[in-house]
Amino acid sequence: MASTLSLHTSIDSFHFLWRQIENEVYNSFTGLRDKFAILGAWYATRKTVGIIYCFVDAVRIHFFSGMKVNWIEKYGPWAVITGSSEGIGYSYAYELAQRGLNVVLISRNERKLQKAKAQIELDCKVQVEYIVADFSDENQTELYSNIGKKLSDKEIGLLVNNVGVMYDYPDVLLNVATQKIWQLIHVNIGAATLMTHMLLPDLVKRKKGGVVVISSGSSTQITPQMTVYSATKRYLDYFIHGLAYEYRNSGVVFQCLIPFYTATRMTGYSERLSNTSVMIPDAARYAKSAVKTLGRSACTTGYFPHTLQLWISRAVPLWLWMWTSEKLNNSLRREALSRQSKKSLKFTSGEMGTSFDS
């Protein structure tokens, strides 16, 4: 009887001890769960606040002008815009002229420069001069020496590094001609670097003015089949941010614009990219928006719908961005080659018809 009682007591003690252990473990996990819940709530709140801040800041940059800017006093009296005979460069120069700045247009096609000069003078009543220069010229030293001499008599307050070249259409590296690669390096990297090196000293000396570079949405992540192009545009991003820090107390404004697809001659290889829409503006609409952001954001797309695209591009994983980019660029290349083939057939048919008529 005594041994039976002792056995029951031991069993009861064991059950009691086990329940105690269970309670301790449960309480421990409950406390841990609460801590994770608090951590999760903090993370979600932080992300939400960050998203709201980015959205509000983007609205401020793109839609609220803030203080009125005396453009001539801050960025004048002369502005230099490279690659400005057409496209974004011309439209940006036009917007600056509308604000009273005299402009120097630099591009390689004199006929187009003359047309651009005449139009801006007619509409904006400012002084317009142009310099014929091919930034892909093999003699780079002579090229920039000539430009420097022609600009030496002007008080330049703003430099817009817009000139750039792209592939004929998206493609893999080994299908891109060596000459095209040198053009990408000389024009996309060399022009912005050496033009800034030429004109920045006077801006720093006067403690005012601005330097703008035009990068590309393709540089936000690694973009297959636009590899060299997107890499040169990524350089511009690093370049201008580095200068902004080096000369942060100089009074000079530095800005990097990151446009996504814009309907210009550069996207002429694709009918889809040449048709304007809210997401694919023409050069005039893009420049009208972008110029308003100067002095309000050091790095922006310049165009609100493109800012939405920028957020998405930075949010998606790199592997997904590259996979999607490759699929898109494959499609764009097929379209470009198909259009080239149709043009060749049309040209050949035209020649045959002419010969037959003769």
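The structure is a predicted model, in which local features need pLDDT of at least 70 and side-chain atom pairs count only at pLDDT 80 or more, while totals for chains, interfaces and linings use all residues. Residues are numbered from 1 along each chain as its sequence is written, and side-chain values use heavy atoms, with hydrogens and water left out.

We can start with the sheet. Strands of a sheet pair through backbone hydrogen bonds, either parallel or antiparallel. Here, seven strands form an open sheet with parallel pairing, in the order β3-β2-β1-β4-β5-β6-β7. Helices (H or I, at least four residues) and strands (E, at least two) are DSSP runs, numbered from the N terminus, and two strands pair if DSSP finds at least two bridges between them. At the edges lie β3 and β7 (299-300), each pairing on one side only. Within the sheet, β1 and β4 run parallel and are joined by four bridges. Ile-81 stands opposite Val-160 in β4.

Helix α5 packs on this sheet, touching β1, β2, β3 and β4, and its direction makes about 165° with that of β3. Contact means heavy atoms within 4.5 Å; axes are lines fitted to C-alpha atoms, for helices over the stretch in contact, and angles run from 0 to 180 degrees between N-to-C directions. Helix α6 packs on the sheet too, touching β1, β2, β4, β5 (210-214) and β6 (253-257).

Gln-140, Leu-143, Tyr-144, Ile-147 and Leu-151 are buried (under 20% relative accessible area, with exposed over 50% and partly exposed in between, for a 1.4 Å probe and protein chains only). They lie on the same side of α5 because they cover an arc of only 85° around the axis, taken from the directions from the helix axis to the C-beta atoms. On the other side, Thr-141 and Lys-149 are exposed. The buried residues of α5 pack against α6 (178-206) as well as β1, β2, β3 and β4.

Turning to the cysteines, the structure holds zero disulfides, a disulfide being a pair of cysteine sulfur atoms within 2.5 Å. For Cys-299, the closest cysteine sulfur is in Cys-256, 4.6 Å away and so too far for a bond. Cys-299 is partly exposed, at 28% relative accessibility, whereas Cys-124 is buried at 11%.

Finally, Thr-267 sits in the loop between β6 and α8 (271-274). Thr-267 is buried, with a relative accessible area of 7%. Not counting residues up to four places away in sequence, Thr-267 touches Tyr-261, Thr-262, Leu-273 and Ser-274.
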